[in-house]
Amino acid sequence: MKSFDLSLYLVTDRSLSLGRTLEYIVTEAAKGGVTMVQLREKDCSTLEFYQQAMLLKECLRPYNIPLIINDRLDIALACDAEGLHIGQSDMPYAIARKLLGKDKIIGLSVECLQDAIDANELDVDYIGISPVFGTPTKTDTAPALGLNGIREIVKISRHPAVGIGGINRTNAANIILAGADGISVVSAITSATDPKEAALQLRSIINQTIKKTI
Ligand code: TZP
Ligand code: MG
């Protein structure tokens, strides 16, 4: 059975890790309570990507945290990751599902209401609402959807949803209050002086906020 928790979802970016390895960042984040990790690496060779995925799989195994691979279906298959995250211009969902099988997690980025409506036709496991706010981490994004965008999308979507883009401890609660099941962050954990402490703080905000919404 596929079971996963979207509440605190770390997405990696080596260029923001302040010289520390992703193994270090991910292990500290796991100790701090992240529930999913996505390996998202641009500008790296297939060999490096594969080796990095295998290293992160080892780091996450003791914590039982799923490793999701961004975009690269071949890497997800090669390292037997728990899942794949695809964007609107990546491998079509149907092909990814056919090759990965029904037991793997597949997430899809939605960048507007129509993407979310279209995603209702697909058996994706979650949607990533992208971007919620503008962010220097990724500048080639669709226009920011804001909290209203989250509200509109979760109202019509049949899938669990996580917000991404410009999320940190000052606005994390609002993402949950707008109806998302979780937050996805890159810099708020990856660039923190103490990634474990950053994850703990986000974890605590999410726990408090989820309690209020129940
Ligand atoms: N997709 C949409 S925004 C984004 C991605 C990968 C980057 C989010 O980074 P940060 O540092 O959490 O704003
Ligand atoms: Mg992509």
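Where does Asn64 lie? Asn64 lies in the loop between H2 and E3. Keep that loop in mind. This is a predicted model, and I'll walk you through it from there.

First, Asn64 itself. Its phi is near 60 degrees. That is a positive value, and Asn64 is not a glycine. Is Asn64 buried or exposed? Asn64 counts as exposed, because it has 8 C-beta neighbours inside 10 Å. The cut-off for exposed is 12 or fewer.

Helix H2 covers residues 46-60. It has 15 residues. From its first C-alpha to its last it reaches 21 Å. At 1.5 Å a residue, 21 Å is expected, and the helix comes close to that.

Which residues of H2 are buried? They are Phe49, Gln52, Ala53, Leu56, Cys59 and Leu60. Look at the spacing in the list. An α-helix has 3.6 residues a turn, so residues three or four places apart point the same way. On the other side of H2, Leu47 and Glu58 are exposed.

Strand E3 is residues 67-70. Strand E4 is residues 83-86. The two run parallel, and three bridges join them. Asn70 has His85 of E4 as its bridge partner.

What lies between the two strands? E3, helix H3 and E4 make a β-α-β unit, and the unit is right-handed. H3 is residues 73-78. In the loop between H3 and E4 you find Asp80. Asp80 is a residue other than glycine, and it too has a positive phi, near 50 degrees. With 11 C-beta neighbours inside 10 Å, Asp80 counts as exposed.

Stay on E4. Both of its faces are covered. Gly83 and His85 are buried on one side. Leu84 and Ile86 are buried on the other.

E4 has another partner, strand E5, residues 105-110. E4 and E5 pair in the parallel sense, over four bridges. Here His85 comes up again: its bridge partner in E5 is Gly107. To get from E4 to E5, the chain crosses through helix H4, residues 93-100. This β-α-β crossover is right-handed.

Next, a peptide bond to click on. The bond from Ser130 to Pro131 is cis, with omega near -10 degrees. Pro131 lies in the loop between strand E6, residues 126-129, and helix H6, residues 146-156.

Now strand E8, residues 182-185. Both faces of E8 are covered. Gly182 and Ser184 are buried on one side, Ile183 and Val185 on the other.

Which strands pair with E8? One is E1, residues 8-11. E1 and E8 are parallel, over three bridges. Leu10 stands opposite Val185 in E8. Another is E7, residues 161-164, which also runs parallel to E8 and is joined to it by three bridges. Val162 stands opposite Gly182 in E8. The chain passes from E7 through helix H7, residues 172-177, to E8, and this β-α-β crossover is right-handed.

On to the ligand. How many residues surround ligand 1? The answer is 15. The closest are Thr135, Thr137, Gly165, Val186 and Ser187. The shell divides into seven nonpolar residues, seven polar and one charged.

Last stop, helix H9, residues 195-213. At 1.5 Å a residue, its 19 residues should span 27 Å. Its end C-alpha atoms are 27 Å apart, which agrees. The buried residues of H9 are Pro195, Ala198, Ala199, Leu202, Ile205 and Ile206. They cover an arc of only 130 degrees around the axis, so they fall on the same side of H9. The face turned away from that buried side carries the exposed residues Gln208, Lys211 and Lys212.

Why does Ala198 count as buried? Because it has 25 C-beta neighbours inside 10 Å, and the cut-off for buried is 20 or more. One distance to finish: the C-alpha atoms of Ala198 and Ala144 are separated by 24 Å, and these residues are 54 apart along the chain.

Note on methods: Residues are numbered from 1 along each chain as its sequence is written. Chains are lettered from A and ligands numbered from 1 in the order in which they are written. This is a predicted model: local features need pLDDT of at least 70, side-chain atom pairs count only at pLDDT 80 or more; totals for chains, interfaces and linings use all residues. Two strands pair if DSSP finds at least two bridges between them. A crossover is right-handed if, with the strands pointing away from the viewer, the path from the first strand over the helix to the second runs clockwise. A residue is near a molecule or strand if its C-beta atom, placed from the backbone, lies within 6 Å of it. Ala, Val, Leu, Ile, Met, Phe, Trp, Tyr, Cys and Pro count as nonpolar, Asp, Glu, Lys and Arg as charged, and the others, Gly among them, as polar. The expected span of a helix is 1.5 Å times one less than its number of residues. The arc is that of the directions from the helix axis to the C-beta atoms.
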